[in-house]
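Please give a short briefing on this structure for someone who has not seen it before. Group the points by topic.

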Amino acid sequence: MYAVSDAFLTAVAANTRSYYWTGTITTTAGKVYVLNREALAEGDISAK
C-alpha cells in the first residue's frame, strides 16, 4: 500500500460528486410519469 497524506485522504472522502436522474416513464395506458430532481427528492412521482 502507498503512503498518502491526511489531506489526500480527506479530499478523497469528501462528497464532491453531484448527479441526478431525469426522464419519463410512459405506461401502456398512456400515463406519463415525470422523473426529475425535485420529484425524486420529495418522493412525489405522480402521473401527469
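Helices (H or I, at least four residues) and strands (E, at least two) are DSSP runs, numbered from the N terminus. Thr 26 lies in one such run, strand S1. This is a predicted model, in which local features need pLDDT of at least 70, side-chain atom pairs count only at pLDDT 80 or more, and totals for chains, interfaces and linings use all residues. Residues are numbered from 1 along each chain as its sequence is written, and side-chain values use heavy atoms, with hydrogens and water left out.

**Overall make-up**
- The protein chain has 2 helices and 2 strands, and from the N terminus on these elements follow the order α-β-β-α.
- Of the 48 residues in the protein chain, 2% are buried; buried means under 20% relative accessible area, exposed over 50%, and partly exposed in between (1.4 Å probe, protein chains only).
- Contact means heavy atoms within 4.5 Å. Among contacts in the protein chain between residues at least 6 apart in sequence, 0% join residues at least 24 apart.

**Confidence**
- pLDDT is the predictor's confidence in each residue, from 0 to 100. The protein chain has a mean pLDDT of 82, with 81% of its residues at 70 or more.
- Among the elements, S1 has the highest mean pLDDT (91), and helix H2 (residues 37-42) has the lowest (71).
- Where pLDDT is low, the predicted coordinates should not be read in detail.

**The strand pair**
- Strand S2 (residues 32-35) pairs with S1 in the antiparallel sense over 4 bridges; two strands pair if DSSP finds at least two bridges between them.
- The hairpin of S1 and S2 has 5 residues between the strands, and Gly 30 takes a positive phi near 95° there.

**Gly 23, in S1**
- Gly 23 belongs to S1, which covers residues 23-26, and its bridge partner in S2 is Leu 35.
- Gly 23 and Leu 35 are 12 residues apart in sequence, and their C-alpha atoms are 5.0 Å apart in space.
- Not counting residues up to four places away in sequence, Gly 23 touches Tyr 33, Val 34 and Leu 35.
- Gly 23 counts as partly exposed because its relative accessibility is 29%.

- Thr 26 stands opposite Val 32 in S2.
- Lys 31 and Val 32 are touched by Thr 26, not counting residues up to four places away in sequence.
- Thr 26 has 52% relative accessibility, so Thr 26 counts as exposed.

**Surface**
- Accessible areas come from the Shrake-Rupley method with a 1.4 Å probe; for residues, only the protein chains shown count as cover.
- The protein chain exposes about 4600 Å², and carbon and sulfur atoms supply 57% of it.
- Val 12 is in helix H1 (residues 6-13), and Val 12 is exposed because its relative accessible area is 55%.
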